[in-house]
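Open the structure in your viewer and keep the selection tool at hand. The stops below say what to select next and what is there.

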Amino acid sequence: MAKKRKTKPEPGQSKKEARRQQAAANKKAVKAKILIALGSAVILIALLWAIFGNTATLQEWDVDEDGIMSYPTERGIPVYDSMIVENNPEYLLDYINYSSRDDVISALLRIPNSSHPVPGILILPGATVSKEGAQGLSAELADMGYASMVIDQRNLGGVDFQLDGRLFQAGQEPTQHKMVFDALKAVDVMRQYPAIDSDNIAIIGISNGGRFAIIAAAIDPSISGVVGISTSGYDVESLIANDSNRVTDNQTRFLRSIDPDTYLDRLPPRKLVMMHMTNDSIIPMDLVQATYNKADDPKVFYPVEGSGHGYNAAMSEMLEAELGLMFS
């Protein structure tokens, strides 16, 4: 333990005056320590508030009378941690956890080695597909020269319409809305990486992920474009029209808010690209065609001969060409 430094009496100064001077010096030192401690505490609180603060600016969520969901385009600096899991001459693979609303979302970010920043692509997998399950597409994109980030969506992309409807009815934020925000925050995280061109980030969504991708791109005009693979809207307008006597105004707002068809007119001038297997057993072609017909230009639709649901190697050449145009 360090000893307290005693003040020596000045020439002609009594011991009593020296003790009084020592006491004043000690008091001054204690005040300084308190001020330093208070200053540190204020800084810590400010940092914690900036990171976790539930402010209106960062947490704003709304659905207007027409069923259009909105989140702020300025969402604050993202909070995340990362760990390199692979680093080789071809690419770097980062494991990421980032904060989004009331949860922490995990992701894998693959960045090809390049002498300059490369465009980035957020991949939203289909239901039941994890971030690991979409690494084949991520590797293809790296070969094309693009960075890509795949996230683990809440409930692995699954949705519960009844629960979300009850939450919305109670004035609470439905999970499907949070999943859209998760996509927006993922884009924010990608923009923190100097190796990624922050002005050139698009979204690829597969199946359910395609629905969230369309809505997220419509909400944030800074996203370069969207590719929907094996996806479609829900055509809720037909449901509402056929059951108008039983669907309340609030239910109508909710149904519209989760249907990507509602947001299609907000995509231009960004391009919508849709790809779909002609014999998809999960989402019928006529529903996909209906969504495409509702969209405004610029848009393009690639029906791919064959069966199966999700990304197929037969889509690779078309995907590479469209991404090249999207980022040109």
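Begin with helices α4 and α8, whose crossing is right-handed. This is a predicted model. Select residues 161-169 for α4 and 249-257 for α8: the two pack at an angle of about 125°, and their axes are 10 Å apart. That angle makes α4 oblique to α8. To see the contact, show side chains for Phe-161, Asp-164, Gly-165, Phe-168 and Gln-169 in α4; they meet Asn-250, Arg-253 and Phe-254 in α8.

Next, colour the sheet. Nine strands form it, in the order β3-β4-β5-β7-β6-β8-β9-β10-β11; it is open, with mixed pairing. Its edge strands are β3 (80-87) and β11 (299-307), each of which pairs on one side only. From one strand to the next, the twist averages 20°.

Now go to β9, residues 225-229. How many of the residues of β9 are buried? Five of the five are, so the strand is largely enclosed by the rest of the structure. Both of its faces are covered: Gly-225, Val-227 and Ile-229 are buried on one side, Val-226 and Gly-228 on the other.

β8 runs parallel to β9, joined by four bridges, and Ile-203 stands opposite Val-226 in β9. Strand β10 (residues 271-279) is also parallel to β9, with five bridges between them. Here Gly-228 stands opposite Met-274 in β10.

Two helices on the sheet come next. Select residues 208-219, helix α6, which lies across β6 (118-124), β8 (196-206), β9 and β10 and runs at about 140° to β8. Then select residues 316-326: helix α10 packs on the sheet and touches β6, β8, β9, β10 and β11. The direction of α10 makes about 170° with that of β10.

The largest nonpolar core has 56 residues, of which Tyr-98, Leu-122, Met-149 and Ile-151 touch the most other members. Helix α5 (residues 175-190) gives the most to this core, nine residues. Centre the view on Leu-122. Beyond its neighbours within four places in sequence, Leu-122 is in contact with Met-149, Ile-151, Ala-183, Ala-186, Val-187, Met-190, Ala-202, Ile-203 and Ile-204.

Technical notes. Residues numbered from 1 in each chain as written. Predicted model: local features only at pLDDT ≥ 70, side-chain atom pairs only at ≥ 80, totals over all residues. Heavy atoms only, no water. Core = buried A, V, L, I, M, F, W, Y, C linked by side-chain atoms within 4.5 Å. Buried < 20%, exposed > 50% of the residue type's maximum accessible area, 1.4 Å probe, protein only. Contact = heavy atoms within 4.5 Å. Pairing = 2+ DSSP bridges. Axes fitted to C-alpha atoms, helices over the stretch in contact; angles between N-to-C directions. Parallel < 35°, antiparallel > 145°, perpendicular 65-115°, else oblique. Left-handed = near helix turned anticlockwise from the far one by under 90°.
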